[in-house]
Each structure stands twice: as C-alpha cells, then as structure tokens.
Amino acid sequence: MSVQNEMKKRRTFAIISHPDAGKTTLTEKFLLFGNLIRESGTVKGKKSGKFATSDWMDIEKQRGISVTSSVMNFPYKDYQVNILDTPGHEDFSEDTYRTLTAVDSVVMIIDGTKGIEAQTLKLFKVCKMRGIPIFTFINKLDREGRDPFDLLDEIEGELGIETYAMNWPVGMGKRFKGILDRQNEQFVQFTGNETETSIPYDEINDHPELADDETFASAFEELELLDGAGVEFSMDAVQQGEQTPVFFGSALAPFGVRTFFEEFISMAPQPAPRKASGDMISPDKEEFSGFIFKIQANMNPAHRDRVAFVRVCSGKFERGMNVTLDRTGKSIKLAQTQQFVASSRETIQEAYAGDIIGIYDPNVYRIGDTLVEGKETFHFEELPQFPPEVFKKVVVENVMKSKQFKKGLEQLVQEGAIQLFRSLRSDEYIIGAVGQLQYEVFEYRMKNEYNVGVRFEDIGERIPRWLKSEQVDRSKFDDRSLLVKDREENYLALFKNDFSLRWFQDKNPDIDLIDLFEVNQYSQ
Ligand code: G4P
C-alpha cells in the first residue's frame with residue numbers, strides 16, 4: 001500500500017487528564033475495542049493484583065501509577081490507532097510535555113463531579129501553545145456531578161476554548177438515563193449493562209416511560225437552550241484547536257465510550273506536515289524521516305538497554321534501513337527496532353508517518369535528534385524545554401561511588417526526566433524537575449540501576465528565570481536569587497518566591513528575566 005494511504009489511516013493521540021479522572025479506565029476500553037486486551041486489568045491493580053496494561057514499570061507497579069509514558073498501537077476498522085500514554089500522577093515530568101510534541105491530537109478527560117483540575121490546565125496549556133486539536137470526554141455521568149452547563153462554561157472560561165456538545169446527558173447519578181445524540185438526533189439509552197439502545201427523537205413518544213419522564217423533559221429543554229446559544233460545530237475550528245467537541249459518558253459503565261471513540265477517530269486529524277529547517281515536511285513524502293522525543297534507559301532490566309522513541313514524520317520506515325542522523329551527519333543502520341504495547345515489545349518491520357517506533361540506542365542519540373533517509377538532511381524544529389518547578393541539591397552518599405553517580409546522573413538527564421544545573425558558587429549539582437515524584441523515581445533508579453545511594457538537600461520550590469550572559473553580574477545574586485548554569489551553560493536565577501523575583505526586578509530593571517514557558521509560547 002502506498003505511503004499516502006498508510007499515512008491517512010494513522011490516528012496518533014495522547015489522553016490527558018488529572019489523576020483519577022478515569023484515564024486508565026478509558027484507555028483500557030479503547031484497548032478492548034482494539035482487541036489488545038481481553039479484559040480490563042482491575043484499575044491500578046488495587047483489588048486483584050492485576051495491573052492496567054499501560055502501567056508497566058517496576059516502580060509503577062509498586063506505587064500504582066504511570067511514571068513514564070508508554071505507547072500502544074492497534075488497528076481499528078480502517079484506522080491504525082497509536083495511543084501515547086502520559087503519566088496521570090500530579091507529579092509528572094518534562095517527559096509528559098514532550099510526549100505532546102509527538103501526537104496529532106489529544107483526548108482530554110474531565111471528571112464530571114470535579115471539572116477542570118490543575119493537571120488538566122497545565123497539559124492543556126501545552127496543547128494550546130502547539131495548536132493541537134482537543135476532544136473532550138466528560139466522565140463519571142453515573143455519579144451525581146456538576147451541572148453540564150457549568151462544566152462547559154468552565155472549560156471555555158478556564159481554558160479559553162469554545163465547546164461544542166456532541167451529545168447531552170439525560171440526568172446523572174441515580175437518575176442517569178442516557179444521552180441525546182445531537183448529530184444523529186437520537187436518544188441513546190443507558191441500560192446499566194454494556195448494550196446501548198438508540199431511539200430516534202421522533203419515536204420517543206412511542207415510549208411513554210421516557211416521554212412522560214421529568215428528567216427527560218428537562219434534558220430536552222436544556223438541549224433547546226444549547227441550540228439557542230447558536231454555537232455551530234466547526235471542523236476547521238476543531239482542527240485549529242479553537243473548538244473542542246465535548247462528549248458525555250462513563251468510562252467505567254462503560255457508556256458512550258464506543259461512540260465517542262468512533263466519532264473521535266473519524267474526526268481526529270491524520271499526521272500533518274511538520275516544520276523542519278524552515279521547510280514543511282509532508283507526511284506523504286517518500287523518504288523516511290522522524291525525530292526522537294524520548295529516550296529511556298533500562299526498560300528491560302535483564303538487558304540494561306536504552307531505547308529511543310521516534311515519531312515517524314514522513315515516508316516509510318523499513319527495518320534494516322540506513323538513515324542519517326542530522327546532528328552528526330553519520331549514517332546509521334536501524335536494525336533493532338520495536339513497537340510497543342506497554343512492556344511487550346515486538347520487532348517492527350515497517351512503519352509510516354504517525355507511528356511511534358523504538359530504536360535501540362547504543363548511546364548515540366539525543367532528545368530532539370532528527371533521522372532522515374538519504375544524505376540530504378534537515379532538522380525538525382527543536383522540542384521546547386520546559387521550566388522545572390522543584391529544585392534540590394543532590395549528593396552521592398558514598399564518595400567512592402562518584403563515578404557511577406555521574407554516569408547515572410548523565411544518563412537520566414539525557415532521558416529528560418530531570419534537568420541538571422551547577423551552582424556557580426559551590427559547584428554543586430542541583431536537579432530540577434517538573435514535579436516532586438521525579439525525585440523519588442530518580443533516587444529509586446539510581447539505587448536500582450546504578451547501585452548508588454543519593455541524598456537530597458531541599459532548596460524549596462523555586463521560580464527559574466533565564467538570563468542573558470552579558471547581563472550577568474554575580475554580585476547581584478544571593479540565596480534568594482540563586483545563580484546557576486544549565487547543561488548548555490546558560491545562566492539562570494532560581495528565585496525563592498514571587499516576592500524575591502519582583503524585588504530583584506525592581507532593583508535591576510535592566511536585567512531581562514526570561515520565562516521559558518512564555519518563550520515557548522511565543523516561539524510557536
Ligand atoms: P486515572 O487513570 O485518570 O488516574 O483514573 P482511573 O481510570 O484509575 O480512575 C480513577 C477512579 O475512578 C477509579 O476508581 C475508577 O474505577 C473510577 N472511575 C473511572 N471512570 C469512572 C466512571 O465513569 N464512573 C465512576 N463512578 N467511576 C469511574 P478506583 O481507583 O478503583 O478507586 P476506588 O473508587 O476503588 O477507590
């Protein structure tokens with residue numbers, strides 16, 4: 001089949017949510033549709049000791065959380081579905097952000113009893129900044145939750161995106177009867193088991209138990225209000241990330257999940273052209289190209305290997321092909337390649353734009369590297385570096401192990417799970433992460449994979465601001481504005497709090513304090 005036909009079938013997306021909104025439950029239902037699993041692993045293995053397919057690393061099993069992002073892929077009808085899992089825990093890493101650079105759309109799950117939560121907001125910001133189309137699933141309708149209008153208002157207000165309700169709930173919690181499907185003008189009945197019966201609007205009067213029901217009548221009134229509000233569904237606005245189609249349902253029941261999945265994959269965009277070295281690289285270009293968005297060491301403790309995750313951006317990948325690594329200009333034969341279904345890996349023979357492949361990394365790749373078939377190389381736009389929020393000094397417990405310590409530090413930094421800084425005054429190692437959990441993972445992995453004990457010294461939450469080297473005057477910085485350098489030798493100051501940041505700015509109006517999040521936003 002041609003590169004173009006294959007590429008058109010790809011749907012590559014991530015599911016984002018705040019912890020406990022139902023991401024694992026929903027993902028599992030998708031995997032069931034794709035026949036990837038036969039039964040749902042009891043979520044997080046709390047009750048039966050089984051684990052959800054997407055939670056697979058050792059530490060994940062111990063703690064019952066997804067630490068790293070894994071990839072799942074399966075064919076569904078005419079589509080080839082690639083789901084990139086993102087850690088759902090409150091503490092997550094830069095890795096989560098980067099995963100979003102490898103997808104073409106995003107499913108956002110919102111807990112209908114809670115609404116928008118902190119994590120959703122953070123991840124949403126990144127989607128918005130990259131113009132990624134967002135499809136919303138409001139979950140847990142089988143529970144008494146918040147008013148659906150309020151939820152839509154909140155999405156619009158907090159996230160600054162227009163909503164279009166694709167369906168509308170009839171009651172909720174104990175009174176939950178089903179949904180009104182606006183596109184197909186039918187009522188889809190919630191029966192409590194997995195069958196979903198549909199009744200066209202104009203046949204509802206034949207069902208007095210529905211027609212005379214109060215909950216039903218008010219749902220229809222709400223629908224009229226919604227129609228009256230005059231928001232039109234716009235595929236264009238959806239593709240631009242300016243409107244989000246909203247679906248109501250319950251991942252657990254499950255109810256409305258298959259319809260959501262089918263409508264989502266039919267609307268979700270296929271791989272789009274990507275910017276590289278000033279040009280746009282079309283996904284149906286014959287020659288293979290891709291970029292590395294994640295590197296992970298020691299995925300298989302028995303082998304101590306490193307795997308680089310490549311998002312295929314164009315052409316056809318074939319096992320054993322030669323590619324050029326644009327950073328070094330060297331030719332590399334891609335012989336050891338894998339596709340992932342959580343921890344089980346299969347050797348992959350071919351892949352197309354939109355697919356994610358894992359390649360064996362003999363320590364030559366870096367995050368952001370571009371791989372191109374042929375000699376004529378180019379470079380896909382840099383992946384943004386995201387500012388860490390938590391900083392700690394790190395020291396090795398036993399100085400005799402300094403060598404392993406440095407090796408572990410180096411490799412884990414290359415994976416992008418943490419960022420490394422050097423303090424200018426004392427030459428100490430300071431690590432920065434997007435969340436607290438990363439430190440626990442770091443400590444655990446240093447112990448288990450490098451056999452090194454580490455100790456942290458808290459320097460508290462800090463606000464990082466990058467500096468222009470020509471403006472750096474060391475005497476102006478102190479403990480409240482700790483001056484450090486990042487891996488690329490850029491200067492930054494770690495401010496203790498908003499107050500010290502403002503104080504410094506007032507005192508030194510000539511020094512530019514650069515907020516990376518804003519830089520990323522503007523550079524898009
Ligand atoms: P996450 O990956 O986003 O963190 O969420 P996860 O799927 O693990 O779901 C979090 C909890 O919410 C789970 O309960 C799950 O069963 C429940 N849940 C998910 N979808 C629905 C839904 O549609 N309706 C209802 N009522 N519950 C849902 P849990 O972890 O087993 O916690 P517990 O309730 O047993 O303590």
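This is a predicted model: local features need pLDDT of at least 70, side-chain atom pairs count only at pLDDT 80 or more; totals for chains, interfaces and linings use all residues.

Q: Ok, so is R10 buried or exposed?

A: R10 has 5% relative accessibility, so it counts as buried.

Q: And what does R10 form a salt bridge with?

A: With D355, and the closest N and O atoms are 2.9 Å apart. R10 lies in strand β1 (residues 10-17) while D355 is in the loop between β21 (350-352) and β22 (356-360), so this pair ties together parts that are 345 residues apart in sequence.

Q: Is D355 buried or exposed?

A: Buried, because its relative accessibility is 1%.

Q: Which residues are linked with R10 and D355 in a network?

A: E6 and K9. Together with R10 and D355 they are linked in a network of salt bridges.

Q: How many salt bridges does the structure hold?

A: 23. Another one is D227 with R182, where the closest N and O atoms are 2.7 Å apart.

Q: Where do D227 and R182 sit?

A: D227 is in helix α8 (residues 214-229), and R182 is in the loop between β8 (178-181) and β9 (186-190). They are 45 residues apart, so the pair links distant parts of the chain.

Q: What about accessibility for D227 and R182?

A: D227 comes out at 48% relative accessibility, so it counts as partly exposed. R182 is buried, with a relative accessible area of 13%.

Q: What does K316 meet in a salt bridge?

A: E350, at 3.5 Å from N to O.

Q: Changing topic. Where does S500 lie?

A: In helix α13 (residues 498-507). S500 is at 8% relative accessibility, so it counts as buried.

Q: What does the side chain of S500 reach?

A: The backbone nitrogen of K496, at 3.3 Å. Leaving aside neighbours within four places in sequence, S500 is in contact with R480 and F495.

Q: Now the sheet. In what order do the seven strands go?

A: The order is β2-β3-β1-β4-β5-β11-β6, in an open sheet with mixed pairing.

Q: Which strands stand at the edges?

A: β2 (71-76) and β6 (162-165). Each has a single partner strand, so one side of each is left without a neighbour in the sheet.

Q: How are neighbouring strands turned against each other?

A: By 25 degrees on average, direction ignored.

Q: How many bridges join β4 to β5?

A: Six, and the two strands, β4 (residues 105-111) and β5 (residues 134-139), run parallel. D111 stands opposite N139 in β5.

Q: Which strands does helix α5 touch?

A: Helix α5 (residues 118-130) packs on the sheet and touches β1, β4 and β5. Its direction makes about 145 degrees with that of β1.

Q: And what does helix α10 touch?

A: Helix α10 (residues 257-267) packs on the sheet too, touching β1, β2, β3 (79-85), β4, β5 and β11 (243-248). The direction of α10 makes about 175 degrees with that of β5.

Technical notes. Residues are numbered from 1 along each chain as its sequence is written. Side-chain values use heavy atoms; hydrogens and water are left out. A salt bridge is a side-chain nitrogen of Lys or Arg within 4 Å of a carboxyl oxygen of Asp or Glu. Helices (H or I, at least four residues) and strands (E, at least two) are DSSP runs, numbered from the N terminus. Buried means under 20% relative accessible area, exposed over 50%, partly exposed in between (1.4 Å probe, protein chains only). A polar contact is a pair of N or O atoms within 3.5 Å; within protein, one must be able to donate a hydrogen and the other to accept it, and residues adjacent in sequence count only if both atoms are side-chain atoms. Contact means heavy atoms within 4.5 Å. Two strands pair if DSSP finds at least two bridges between them. Axes are lines fitted to C-alpha atoms, for helices over the stretch in contact, and angles run from 0 to 180 degrees between N-to-C directions.
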